[in-house]
Structure formats: structure tokens, C-alpha cells
Amino acid sequence: MGTNRISVVLPTFNEQESLAPLLARLAAMADGLSDCCFDFIFADDGSTDGTAAVISGLRELDPRVQHLRL
């Protein structure tokens, strides 16, 4: 684990289709930076599609994922 902590805040609204590919790209980038610890904070601004469920699923796959529902 790195000594630098970086939190990436990602605003979302009805983004269910793009979340998994986005996290895959972010995770690949983060995994390449061994001197940093990352958190990916998905801020769901009241989505009416399956965005919340997708984020919950991503959270189970990657412990760096956090979910904030507004």
C-alpha cells in the first residue's frame, strides 16, 4: 500500500451502463501507481435507473469503491 491517499469523487446520475467500464479503467490506473492508495467515491444524485444497484455490486468486487446516495 502506498503512503499517499487519493479519493476520486465521481458524480453519477442514471449511469448504470458506464460504471463498470469506468471502474475498470480507474482501477487499472490506480493499480499502476504503487505509491498511492485510492478510494473511488460514487456520488449518486438520485438516479432512477439501476445505478445504485450497479455501484453496490462494484463495491462487492472492489473494496476501494464507496457509495454516497444523495
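Author: The model is predicted, so to speak of local features takes pLDDT of at least 70 and side-chain atom pairs count only at pLDDT 80 or more, while totals for chains, interfaces and linings use all residues. Residues are numbered from 1 along each chain as its sequence is written, and side-chain values use heavy atoms, without hydrogens and water.

Reader: In what order do the elements run from the N terminus on?

Author: Helices (H or I, at least four residues) and strands (E, at least two) are DSSP runs, numbered from the N terminus. The protein has two helices and three strands. From the N terminus on, their order is β-α-β-α-β.

Reader: Where is Asn14 found, and is Asn14 buried or partly exposed?

Author: Phi of Asn14 is near 55 degrees, a positive value in a residue other than glycine. Most residues other than glycine have a negative phi. Asn14 sits in the loop between strand S1 (4-12) and helix H1 (19-31). Buried means under 20% relative accessible area, exposed over 50% and partly exposed in between (1.4 Å probe, protein chains only); with 31%, Asn14 is partly exposed.

Reader: And what percentage of the 70 residues is buried?

Author: The same cut-off of under 20% relative accessible area applies. Buried residues make up 36%.
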